[in-house]
Amino acid sequence: MQVVSITLCSDMETEPCCEEHEDPAAEPTEPEVTEAISKLSDGDSHTEPPCGPAEEGEELSGKEQAETASCAEESKNTEIKTPSDPEQSEDTGCKERRKLKKTNSWKMVRFQDPSTEDDVLERDSSAESLFPEYATVEWTSSTFEELFAANDWHDITGDRLLRKKLLESGDPLALSPAWGQEVTVKMQCVLEDRTVVEKDCKLVLVIGEGDVNQALEEGVMSMQKGEITLLLADSQYTYGHLGREPDIPAWAPLLYQLQVLDVREKPDPLTLPIDDRIRISNQKRERGNFHFQREEYSMAARAYCMALDVLTTGSRDGSDGGVEAEEEEVRDYRVKCLNNLATAQLKLEQFDKALHTSRDVLTLEPNNVKSLFRAGKLLSDMGQYKEAMEVLKKALKLEPATKAIHVELSKLVKRQSGGKDTQEWRAKPAEMLGENIAPFLIPSKKKRSGISWKFILGALIVALGSLVTSMILTARN
């Protein structure tokens, strides 16, 4: 089981525009995911989805971009706010079966298999330490400057920015966790003023899949099963110049207490029930939305791809009567991941990949307006006008009141005419459009011809010549 810790941003499709992420969603206040495409799904007839990759406003809107998780607030009544993703709505039954559970992690949104609900604490208290017997001076009062300079700490990365101090040795015969293995750790994390910002008695992560920050991954790989250690990390290995709202400031170093509880091979997704695959995929997508909101688009795209890998594998058991409904649910989640991935690819200016991903969405869901609009704009920008017109007309038929589609069709018509202002797309009232969505072309008004500049120039030259000739004749006389 994998666990993802993220702060809640806007509603990217928690289904990443970061959805989308489905186009991952939320207003551009976050990683500025607000794009016209997401707005198409919102049904706002006058909302313009950002057009193709060439235009800046075209990426998904915060709401579609990536379903974002909300930051858990530190208090006894810690609340987890769920993103308002239009595509996130799913069957109540499905939600019950695969409900996202809050574990006992401090200021983090984590997800756990509902079957382990009994092991989940209701809340954490900052006064309760997970390692009460290891309340060392380093943990309780030493300044981070002193710890970074101390000689009895082991330097993990060679730059003195990620260091550990052994508190209790682990199994000497056990191997350190390796790339791709699933590890369970107990951990707590504090700022220099000893404010607790993370706390989890059973954090599950897969080494190399970006489930946690680099400091935790590197630290865990340097440990053995049963080992307890202090891990001091510079901001370069944690949350950098952005920090993590609302609890971790920018450029803040962190101090962890860690214990490796278990190391095992990562389970093959093909062997897992559909519910577990969807749960793990959601965690990956949430992590992608977190990176998207931070404008870390390469990492977001990687997370979305991993989420898709989990959902791509088919179920081996086709005898269950509910398989069809489950597969339909898997398809819906794949659509969300693909939309989020396409949005991240647009941000990375990978236009060919974004078009391919949008077509994958349309293969699964032919009437997905966000992908139709995105694909149409990309095709138009690539000069494939005929196919772009067909795609955009289909999008308009599904969303006749959406202004952005009319605008893109108008641009497309002008491009087809070679850039000349010979005809323009003029939107018909939505109620009159009906099934007739063919472009409503109106010849542009011809400009009234005025006096030719050549005629004026010739007249000036003749007048000037006459004046010069007159002056010469006068001088001779």
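Me: What is a salt bridge, and how many does the count come to?
Reply: A salt bridge is a side-chain nitrogen of Lys or Arg within 4 Å of a carboxyl oxygen of Asp or Glu. The model here is predicted. By this rule, the salt bridges number 18.

Me: Which residue meets Lys165 in a salt bridge?
Reply: The nitrogen and oxygen of this pair lie 3.2 Å apart. Lys165 sits in strand E2 (residues 162–168). Its partner is 13 residues away, in the loop between helix H5 (144–149) and strand E1 (154–155). The partner is Asp152.

Me: Is Lys165 buried or exposed?
Reply: Buried means under 20% relative accessible area. Lys165 has 17%, so the residue counts as buried.

Me: How many residues apart are Arg264 and Glu182?
Reply: Their side chains meet in a salt bridge, 3.0 Å from N to O. Arg264 lies in strand E6 (residues 254–265), and Glu182 in strand E3 (residues 181–190). The pair links distant parts of the chain, and the separation is 82 residues.

Me: What is the relative accessible area of Glu182?
Reply: Arg264 is partly exposed, at 25%. Glu182 is buried. The relative accessible area of Glu182 is 4%.

Me: Which helix holds both Glu328 and Arg331?
Reply: These two form a salt bridge, with the closest N and O atoms 3.7 Å apart. Glu328 is partly exposed, at 44%. Arg331 is partly exposed too, at 32%. They stand 3 residues apart, about one turn of the helix, in helix H9.

Me: Which residues do shared partners join into one network?
Reply: Some salt bridges share partners. The network they make joins Glu182, Lys225, Asp262 and Arg264.

Conventions: Residues are numbered from 1 along each chain as its sequence is written. This is a predicted model: local features need pLDDT of at least 70, side-chain atom pairs count only at pLDDT 80 or more; totals for chains, interfaces and linings use all residues. Side-chain values use heavy atoms; hydrogens and water are left out. Helices (H or I, at least four residues) and strands (E, at least two) are DSSP runs, numbered from the N terminus. Buried means under 20% relative accessible area, exposed over 50%, partly exposed in between (1.4 Å probe, protein chains only).
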